[in-house]
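These are my notes from a look through the model. I went from the fold of each chain to the helix packing, then to the contacts between domains and chains.

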Amino acid sequence: MEKKTVKPYMNPYLAGVLLGLVVLAANVISGRGLGASGAVKSAIVASVETIAPAHAEAKTFYNSYGEAHGSNPLNSWLVYQMLGVVVGGFLSGIISHRLTWKVEHNPKITSRRRLIFALAGGILFGLGSQFGRGCTSGSALSGMAVLSLGGFISMAAIFGTAFMLAYFFRKLWI
Amino acid sequence: MGPLVVYEVITENTNLFLAFFIGIGFGFVLEQAGFSSSRKLAGMFYGYDTVVLKVFFTGAITAMLGLLFFSLFGWVDLSLIYVNETFVHSAILGGVVMGAGFIMGGFCPGTSFCGAAIGKIDAWVFIIGLFIGVFIFGEGYSLWEDVYKAGFLGSPRISEYFGISEGLTVLLVIIAAAFMFWGGEWAEKKFPREDY
């Protein structure tokens, strides 16, 4: 089998314009921005409602979500959008020959260490996205697109904190 | 006239169907930009690769300008578009926790799904973390409900908050971004990394 060479990434400014057009399309078509963490929330609410309905009924976080979003949490805009993200990322991976199973990490650290920090980072991001009422996509990017004050605060807090902590986690990356 | 779903140009089901295609565009662009790679994303915070800065701010500016012009042409009614609510305390707290997650995990939620789509195992593990994190928030909700709901300002636009026009706000963001792009290009030369 011939070895396909991995294609280079797109020019970042061009990619940015295209990303902006996707955000614009979401607003013009659906009157809302993009998101990611909201779909995770839908999946968690749906899971808890299925596995432990009495528990979901008793807890404000789950039952208030049901009241606001109807009977099936998975039948939501963000869930369909996130399914699309996975398909879109996969298609891009195919055409650029980047489909490969791997743990990407700095050669100076082990895969195990990378995965431990990936898990810890995911937990924090999941938790933080609930306080922030959205993540980098929903709160920062899409919020800024509609000039939301909260969007600018989220952006500054996310990137500002990551910059301030970068020194302490430098061995993970450089 | 948009938003199409609000004006009932399209039905609610069509809206959900189109969400899938909007997602495809989102995922495709993220992957093409290199956002499926945690080392590329983290490069932002060490200066060796500032693609996050460039894509994020070019994207935000394009969307801002697009919405302003579409509004000017009467193609979209901005008053009907969702503006994120502002809860100052939890926005800052959440942002700080997310920032820590970003530098440790190397992904944000959207990019982790994108990385997972092309087989990055670290992205899959990050996603497992996301689920755990959201679940912890849900289980402990009564403990932090007060913080979560404090500092509510409604849904102000930053332009309204500072009493300047939307056009001027966008212009200021563009000027700020131009300086940041210049800084990013400078940093990539100053802190180069061999291919990773």
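**Chain B, overall.** I counted the secondary structure of chain B first: nine helices and zero strands. Helices here are DSSP runs of H or I of at least four residues, strands are E runs of at least two, and both are numbered from the N terminus. Along the sequence the pattern of chain B reads α-α-α-α-α-α-α-α-α. Taken along the principal axes, the C-alpha atoms of chain B fill a box of roughly 50 × 45 × 35 Å.

**Conventions.** I am working on a predicted model, in which local features need pLDDT of at least 70 and side-chain atom pairs count only at pLDDT 80 or more, while totals for chains, interfaces and linings use all residues. Residues are numbered from 1 along each chain as its sequence is written, and chains are lettered from A and ligands numbered from 1 in the order in which they are written.

**Chain A, overall.** I found nine helices and zero strands in chain A, and from the N terminus on its elements run α-α-α-α-α-α-α-α-α. The C-alpha trace of chain A spans about 55 × 40 × 40 Å along its principal axes.

**Start of chain B.** I looked at the peptide bond between B:Gly2 and B:Pro3 and noted that it is cis, with omega about 0°. B:Pro3 sits in the segment before α1 of chain B. I then checked the length of α1(B): its 22 residues reach 31 Å from first C-alpha to last, close to the 32 Å expected at 1.5 Å a residue. The expected span is 1.5 Å times one less than the number of residues. After α1(B) comes B:Gly34, with a positive phi near 100°.

**A backbone angle in chain A.** I noted A:His97, a residue other than glycine with a positive phi, near 55°. A:His97 belongs to the loop between α5 and α6 of chain A.

**α3 and α9 of chain B.** I looked up how α3 (residues 51-72) of chain B packs on α9 (residues 166-190) of chain B: the angle is about 160° and the axes are 10 Å apart. Axes are lines fitted to C-alpha atoms, for helices over the stretch in contact, and angles run from 0 to 180 degrees between N-to-C directions. The angle therefore makes α3(B) roughly antiparallel to α9(B). By the cut-offs, under 35 degrees is roughly parallel, over 145 roughly antiparallel, 65 to 115 roughly perpendicular and the rest oblique. The crossing of α3(B) and α9(B) is left-handed, which is to say that the near helix is turned anticlockwise from the far one by less than a right angle (clockwise would be right-handed).

Among the residues that meet here are B:Phe57, B:Ile61 and B:Leu65 in α3(B) and B:Val170, B:Ile174 and B:Phe181 in α9(B). A contact needs C-beta atoms, placed from the backbone, within 7 Å. By class I get twelve nonpolar, two polar and two charged residues in the contact of α3(B) with α9(B). Ala, Val, Leu, Ile, Met, Phe, Trp, Tyr, Cys and Pro count as nonpolar, Asp, Glu, Lys and Arg as charged, and the others, Gly among them, as polar.

**α5 and α6 of chain B.** The axes of α5 (residues 109-117) and α6 (residues 121-139) of chain B come within 8 Å and cross at roughly 140°.

**Domains of chain B.** Chain B is divided into domain 1 (1-81 + 165-196) and domain 2 (84-155), with bounds from an automatic or database domain assignment. I took the centres over C-alpha atoms, and 20 Å separate those of domain 1 and domain 2 of chain B. Each of the two domains of chain B gives eleven residues to the contact.

**Between the chains.** The contact takes 106 residues from chain A and 110 residues from chain B. On the chain A side, α1(A) gives the largest share, 18 residues. I sorted the chain A side that touches chain B into 63 nonpolar, 34 polar and nine charged residues.
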